[in-house]
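Student: I have a model open and would like some practice at reading its features. Could we go through a few of them together?

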Amino acid sequence: MNVSIVDLKLKDIAGFRNFIVSFQSNLNIICGTNGVGKTTILEAVSSAFSPNIASPFLKRRSGASGENPGYLEVDCNINHQIKKISGNIKETLPDKNSDYFGNREGGNFVIFVRAVRDFAYARHNSITADPDMNDMTVQQRTVQGISPHEIKSWFANRYLMRPHGNDWPEYRKKNLEAAIKLFSRLDPTVKLSHVDTSSFDIIVDTQNGNIAFEMLSSGFRSAFSLLLGIIKEIEFRRLNLSVDEFNGVILIDEIDLHLHPIWQREIGGALKSTFPKAQIIATTHSPHVIQTALPNEVIALARDADGNTFVRDLPISKRGFVGWSIEEILTEIMGVEDTQTPEYRIAMKNFDNALDRNDEQATTEAYNILLEMLHPSNPLRKLLEIQSSKATGVQDD
């Protein structure tokens, strides 16, 4: 089976009055300010594949006029046939259950990774069999998100049973090898060492020695929860596929969660190379994630003067945004009006005003404050020095 999302329509749901978004690439990165509706899009897609469970966050827009319900429509491609999944959302109160409208077909191929994906150390006394994934369990995971706490038992099971896996199907061997490689995918100085046969701990080799993988930084844990968690889920759902053949939908909330900017640049590529046939729909607040995006991979949300969310038109270039600076992405893609701090803007205004008044003392004071703020190699320092020296009558030798 193969599943992908073509487009999504929302009318009077959550903060959306009348909204449509299309997904044109294997990687779709949704960005925008807090509250603009990025996560709601993921909630809507996940609920479309669960006929008995719906996201509790999908509610009729409280400001909607009249008694008409909110309306949701997902156009998806299932086995190369376009299918429409739609439903009404009548409830507005948080303590009321959302309306069910989903379609069971294709739900096994929709994986939701939520923003809460940290995990703590847990001692295991044995390796365990994979859980029984009945239809209702899959629906719960599709809407509520996958669990990071199962990674340890799943990986220990596969790794320790590997010497006895001569009769394993080829996809299982490939998935284990892919998982082992992912330990070093974002940081080559970290790699899998072994699985302890007495404690079943996953031990990783780092520059500071061998430690349990739960003892790594939050950034590592978030990355493992994301990358290894998806492989684990594909296996738990018994799709009988290697991860490079998984042809479904992966929803990721806050793809950059806990990651250093260097890793934020790498995470999109890591996902695309590990799951090359999957359609990935992810939200982000990171310009570093967008900086590595290709054409049509970025969906920028914004609000108009009336508060309606819409998809911004973005400039299209052959190589996407790989040549854009962080400042250009912040202002032109992510809607940050000014990348300077208020304190800096005030200091610059004070300097300009002092120049206009020919006030030597105020110019010198404002100039010194700016020098304390600016980066040591900022070329603006030289310009300010020239302007200040002219105003105070002090010339360079």
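Predicted model: local features only at pLDDT ≥ 70, side-chain atom pairs only at ≥ 80, totals over all residues.

Student: Where does proline 131 lie in the chain?

Tutor: Proline 131 sits in the loop that links strand 6 (110-113) to helix 2 (135-144).

Student: Leaving aside neighbours within four places in sequence, which residues is proline 131 in contact with?

Tutor: With those neighbours set aside, proline 131 touches Arg141, Phe236 and Arg238.

Student: Then let us turn to helix 5. How many of its residues are buried?

Tutor: Helix 5 is mostly covered, with 18 of its 19 residues buried. Helix 5 spans residues 218-236 and has a bend of about 30 degrees at glycine 229.

Student: How should I read a sheet?

Tutor: The general idea is that strands of a sheet pair through backbone hydrogen bonds, in either a parallel or an antiparallel way. Here, four strands form an open sheet in the order 2-1-4-5, and the pairing is antiparallel. Strand 2 (16-22) and strand 5 (81-89) are the edges, each pairing on one side only. From one strand to the next, the twist averages 15 degrees.

Student: How many bridges join strand 1 and strand 2?

Tutor: Strand 1 (residues 3-13) pairs with strand 2 over six bridges, in the antiparallel sense. To find one of the partners, take isoleucine 13: its bridge partner in strand 2 is phenylalanine 16.

Student: Which strands does helix 1 lie across?

Tutor: Helix 1 (residues 38-47) lies across strand 1, strand 2 and strand 4 (70-78), and runs at about 115 degrees to strand 1.

Student: And disulfides?

Tutor: In general, a disulfide is a covalent bond that joins the sulfur atoms of two cysteines. A search of the whole structure finds zero of them.

Student: Is cysteine 31 buried or exposed?

Tutor: Cysteine 31 counts as buried because its relative accessibility is 0%, under the 20% cut-off. Cysteine 76 is buried too, with a relative accessible area of 0%.

Student: Finally, what does UniProt list for residues 24-304?

Tutor: The unreviewed UniProt entry lists "domain: AAA+ ATPase" for residues 24-304. Over that stretch, the chain is 29% helix and 20% strand, and the end C-alpha atoms lie 23 Å apart.

Methods:
Residues numbered from 1 in each chain as written. Heavy atoms only, no water. UniProt positions renumbered as here; feature names shortened; annotations may be inferred. Helix = DSSP H or I, 4+ residues; strand = E, 2+ residues; numbered from the N terminus. Pairing = 2+ DSSP bridges. Axes fitted to C-alpha atoms, helices over the stretch in contact; angles between N-to-C directions. Contact = heavy atoms within 4.5 Å. Bend = angle between axes of the 7 residues up to and from the residue. Buried < 20%, exposed > 50% of the residue type's maximum accessible area, 1.4 Å probe, protein only. Disulfide = S-S within 2.5 Å.
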